[in-house]
Amino acid sequence: MRQAAPRLAAPLGVAALLGAAAALVAAVDPHEPGHYPACPLLRWTGVLCPGCGGLRGLHALLHGDLAAALHANALAVAGYAAFVPLWTVWCVRAARHGGGMPVGALTRRRWALAALVLAFTVVRNLPCGAVLAP
């Protein structure tokens with residue numbers, strides 16, 4: 001297992017950084033102005049980007065309010081949930097044979113993800129998609 005320790009440095013480092021960021025978001029409420037920078041796209045154009053509401057959603061999720069998290073940014077909540085199994089696979093691959101993050105040869109999945117993010121962004125900015133706006 002000593003050989004696996006250096007190989008786990010990257011995934012464990014990522015987990016530590018994300019854990020520290022999550023702790024900050026849990027402690028400092030994004031609903032209160034002045035703590036986090038405003039979205040430049042929203043500020044300058046009035047268009048909600050795919051990440052708008054992501055911090056509010058994470059804050060709500062960390063405080064156990066799934067409904068508020070989904071209302072703030074459902075796509076971000078899905079992304080947080082998808083990260084956990086991907087990170088687990090990354091750890092297993094790194095521990096077993098030094099493999100990296102499982103992202104190789106995912107061209108179709110990347111295009112599908114890009115299309116999903118684009119569709120989410122467009123729909124949440126239309127009147128019919130107001131339920132997706134934070």
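Two residues are in contact when they have heavy atoms within 4.5 Å of each other. Count the contacts in this chain between residues at least 6 apart in sequence, and 56% of them join residues at least 24 apart. Before going on, a word on where this comes from: it's a predicted model, where local features need pLDDT of at least 70 and side-chain atom pairs count only at pLDDT 80 or more, while totals for chains, interfaces and linings use all residues. Residues are numbered from 1 along each chain as its sequence is written, and side-chain values use heavy atoms, with hydrogens and water left out.

Let's start with the overall layout. The chain has six helices and zero strands (both are DSSP runs numbered from the N terminus: H or I of at least four residues for helices, E of at least two for strands). Its C-alpha atoms fill a box of roughly 55 × 35 × 25 Å along the principal axes. Of the 134 residues, 22% are buried; that word means under 20% relative accessible area, with exposed being over 50% and partly exposed in between (1.4 Å probe, protein chains only).

Now look at helix H6, residues 107-124. Its 18 residues reach 26 Å from first C-alpha to last, close to the 26 Å expected at 1.5 Å a residue (the expected span is 1.5 Å times one less than the number of residues). Phe120, Thr121 and Arg124 of H6 are buried. They sit on the same side of H6 because they cover an arc of only 95° around the axis, judged by the directions from the helix axis to the C-beta atoms. An α-helix has 3.6 residues a turn, so residues three or four places apart point the same way. Helix H5 (66-97) is part of what covers the buried residues of H6. Over on the other side of H6, you'll find Arg108, Trp111 and Leu118 exposed.

Cys52 belongs to the loop between helix H3 (40-45) and helix H4 (54-62). Is Cys52 buried or exposed? It's buried, with a relative accessible area of 5%.

Finally, hop over to helix H2 (residues 9-27), where Ala15 is found. Ala15 counts as partly exposed, at 29% relative accessibility. Ala15 and Val84 are 69 residues apart in sequence, yet their C-alpha atoms are 9.9 Å apart in space.
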